[in-house]
Structure formats: structure tokens, C-alpha cells
Amino acid sequence: MDYVSALVPPVVMAVFFIGLIVTIVKTQGGANKAKEDAVVDAAIARAESVRQTPPGTPKTGGA
């Protein structure tokens, strides 16, 4: 019976890992893909604009 108790944790972790991978694959694309892409593009554009702003230039926009 020791072998059963030794195998249970890896089997349980494997099942959860497979479930995680299946969930990730299923949520790729779909109806929200364009919205998610737009959010990422906006974040990248914001980061690039901050990086390209010369020192001493007052930042505009935001709160």
C-alpha cells in the first residue's frame, strides 16, 4: 500500500496540470481576443511613449 500513497500526489498534480493546460488552450482566441489584443497594444504603446519622452518634458494626460 505504500506505493499507492507514493503515486497519489504526482497523479493529482498531473490531473490539475492537464486541466490548467486545457483551460489555457480553450481561452485562447474566441470572442474576447480582439479586446485583449487592444488592451495589450495600448499598454505597449503607453510604455513606448513613456520611454521615448525626453527628460524634463512634462507628461500630459492621465490623472
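The expected span of a helix is 1.5 Å multiplied by one less than its number of residues. In this predicted model, helix α1 comprises 26 residues and extends 39 Å from its first C-alpha to its last, close to the 38 Å expected at 1.5 Å a residue.

Helix α1 covers residues 2–27. A bend of about 30° occurs in α1 at V8, and a proline, P9, follows within four residues. Just after α1, G29 adopts a positive phi of about 75°.

The chain as a whole contains 2 helices and 0 strands. Of its 63 residues, 0% are buried. Its surface is summarised below.

| Surface | Accessible area |
|---|---|
| Chain | about 5800 Å² |
| Nonpolar patch | about 950 Å² |

The nonpolar patch on the surface is formed by M1, Y3, V4, L7, V8, V11, V12, V15 and F16. One of these residues, V15, lies in helix α1. Residues count as exposed when their relative accessible area is over 50%; V15 has 53% relative accessibility and is therefore classed as exposed.

Notes
Residues are numbered from 1 along each chain as its sequence is written. This is a predicted model: local features need pLDDT of at least 70, side-chain atom pairs count only at pLDDT 80 or more; totals for chains, interfaces and linings use all residues. Side-chain values use heavy atoms; hydrogens and water are left out. Buried means under 20% relative accessible area, exposed over 50%, partly exposed in between (1.4 Å probe, protein chains only). Accessible areas come from the Shrake-Rupley method with a 1.4 Å probe; for residues, only the protein chains shown count as cover. Patches are made of residues with over 30% relative accessible area and no salt bridge: like charges are joined within 9 Å, nonpolar side chains (Val, Leu, Ile, Met, Phe, Trp, Tyr) within 5 Å. A salt bridge is a side-chain nitrogen of Lys or Arg within 4 Å of a carboxyl oxygen of Asp or Glu. The bend at a residue is the angle between axes fitted to the seven residues ending there and the seven starting there.
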